[in-house]
Amino acid sequence: MRTAGCAALVALLAVCSYLGARQPQVQAVSVPVAVETISENALSAASLEETQDRLLRERESALALLQSVIDDQSAGAEERNEALKEKTALAKRMAAEAELTAILAQMGFGDAAVVMGEQSLSVIVPWQAAENESNRVRIIDAASSHTGFSPECVKIILSKK
């Protein structure tokens with residue numbers, strides 16, 4: 001009985017080894033491939049331009065909305081004053097962004113886009129501009145010294161390819 005059981009287990013082991021050793025069949029699919037080379041500068045520039053255009057449109061719509069609140073005679077004085085404060089703060093941030101963009105362009109980072117929030121500052125640059133530590137330090141130093149944000153609040157974002 002034991003011998004028959006051991007023989008059955010050995011036979012099962014042999015069958016499993018044989019089945020496990022076979023190579024699985026691989027099926028390959030053939031599809032045509034078209035390759036078009038686009039320079040990385042063109043891709044980065046388009047992405048940055050799109051980002052800057054979208055940011056400008058959003059800022060213009062925010063300014064128009066705030067102006068409509070300011071011009072609305074049915075709005076209370078408190079709401080109009082708050083809208084005026086927000087519009088002034090937004091205009092100051094936009095001016096600081098434009099100034100920092102000009103400074104970065106003079107430093108050799110002409111493709112940079114700057115987005116300033118209330119508590120943080122993001123500088124969007126192509127990966128080539130921020131590929132070494134020296135350039136990143138220069139960007140953060142210029143941004144923090146010009147805007148007054150601490151270096152921890154300045155973020156460098158690489159533009160998409």
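Strand β2 and strand β3 (residues 154–158) run parallel and are joined by 5 bridges; strands pair if DSSP finds at least two bridges between them. The model is predicted, so local features need pLDDT of at least 70 and side-chain atom pairs pLDDT 80 or more, while totals for chains, interfaces and linings use all residues. Residues are numbered from 1 along each chain as its sequence is written, and side-chain values use heavy atoms, without hydrogens and water.

- The chain passes from β2 through α4 to β3 in a right-handed β-α-β crossover (clockwise from the first strand over the helix to the second, with the strands pointing away from the viewer).
- Val125 stands opposite Leu158 in β3.
- The protein has 4 helices and 3 strands (DSSP runs of H or I, at least four residues, and of E, at least two, numbered from the N terminus), in the order α-α-α-β-β-α-β.

- Contacts of Val123 (heavy atoms within 4.5 Å), not counting residues up to four places away in sequence, include Leu104, Ile139 and Ile157.

- Of the 161 residues, 22% are buried (under 20% relative accessible area, 1.4 Å probe, protein chains only).
- Arg93 lies in helix α3 and, leaving aside neighbours within four places in sequence, contacts Met116, Gly117 and Glu118.

Notes. Buried < 20%, exposed > 50% of the residue type's maximum accessible area, 1.4 Å probe, protein only.
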